[in-house]
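Q: Hi! Could you walk me through the side-chain contacts here?
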Amino acid sequence: MSSYNKFALVYDELTQNVEYEKRYAYIASFFNEHKLPRGAKILDLACGTGSFTKLLEKDGYKPTGVDLSEDMLTAAAMKCKNANFIKADMRRLSFSGEFDGCICCLDSLNHLESIKELKDAFRGVYEALKPGALFIFDVNTVYKHNELLSGNSFVFDEESYFLAWDNEFIADGKVRIFLDLFIKAGEYYERYSEDFTETAFELSVIKSALSPYFDIMGFYDDMSLKEPEKDSERVYFICRRK
């Protein structure tokens, strides 16, 4: 599973089109619907550079960001005033009933490579949450991996860096991603390379993995209240801890 260490340097620029505030408002609407009060403790799982953590903090919640990348956590800590940050693997969480809610955003769960790892992550979130707590996450779909990512390449040519992003089809729903990042250092460029696998699970598999630990309150096409369709690219799950 990728830790994205060096890519923390350009991650925020690469995700400018994410519309963090709009996505946060969508997530927060479920907080409000299910009466999660301000001041509640929220686990931001796979928090990256802390863009959602910062919005949680601004909105009056008490967030704890967790990520596997030290560089991502360093960038996140610089954005937030009072949030806690912990380096941890989502497959091996060790919290115990500490949180009132958990979010896991931007297809972070697709970095898990097997159903076992998915179940391990869900069990860890279950153990981290208080009974009745909310768990909200999104995932890339099999359709997106097979039809939109596999076999395609993307190039980001900016003044301070150059990034080549290649996607290789491995199997149904499974893509191998190759990243080559060149960061300008004076007259030269420093090169950093990383490759990892992302896996999209069928929605029925995700529901089955959730079932021992969570009740599914709803699952929706990206940023909507509509049911997912065959060509949906991202799906949000709204769950409540049993």
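Q: How many disulfides does the structure hold?
A: The structure holds zero disulfides, a disulfide being a pair of cysteine sulfur atoms within 2.5 Å. Cys47 is in no disulfide, and the nearest cysteine sulfur, in Cys80, is 8.3 Å away.

Q: What should I know about the model itself?
A: This is a predicted model, so local features need pLDDT of at least 70 and side-chain atom pairs count only at pLDDT 80 or more, while totals for chains, interfaces and linings use all residues. Residues are numbered from 1 along each chain as its sequence is written, and side-chain values use heavy atoms, leaving out hydrogens and water.

Q: New topic: how many salt bridges are there in the whole structure?
A: A search finds 14 salt bridges, each a side-chain nitrogen of Lys or Arg within 4 Å of a carboxyl oxygen of Asp or Glu.

Q: Which residue forms one with Asp107?
A: Arg234 does, with the closest N and O atoms 3.1 Å apart.

Q: Is Arg234 buried or exposed?
A: Arg234 is buried, at 10% relative accessibility. Buried means under 20% relative accessible area, exposed over 50%, and partly exposed in between (1.4 Å probe, protein chains only).

Q: What else does Arg234 meet in a salt bridge?
A: The side chain of Asp222, at 3.9 Å from N to O. Salt bridges with shared partners join Arg23, Asp107, Asp138, Asp222 and Arg234 into one network.
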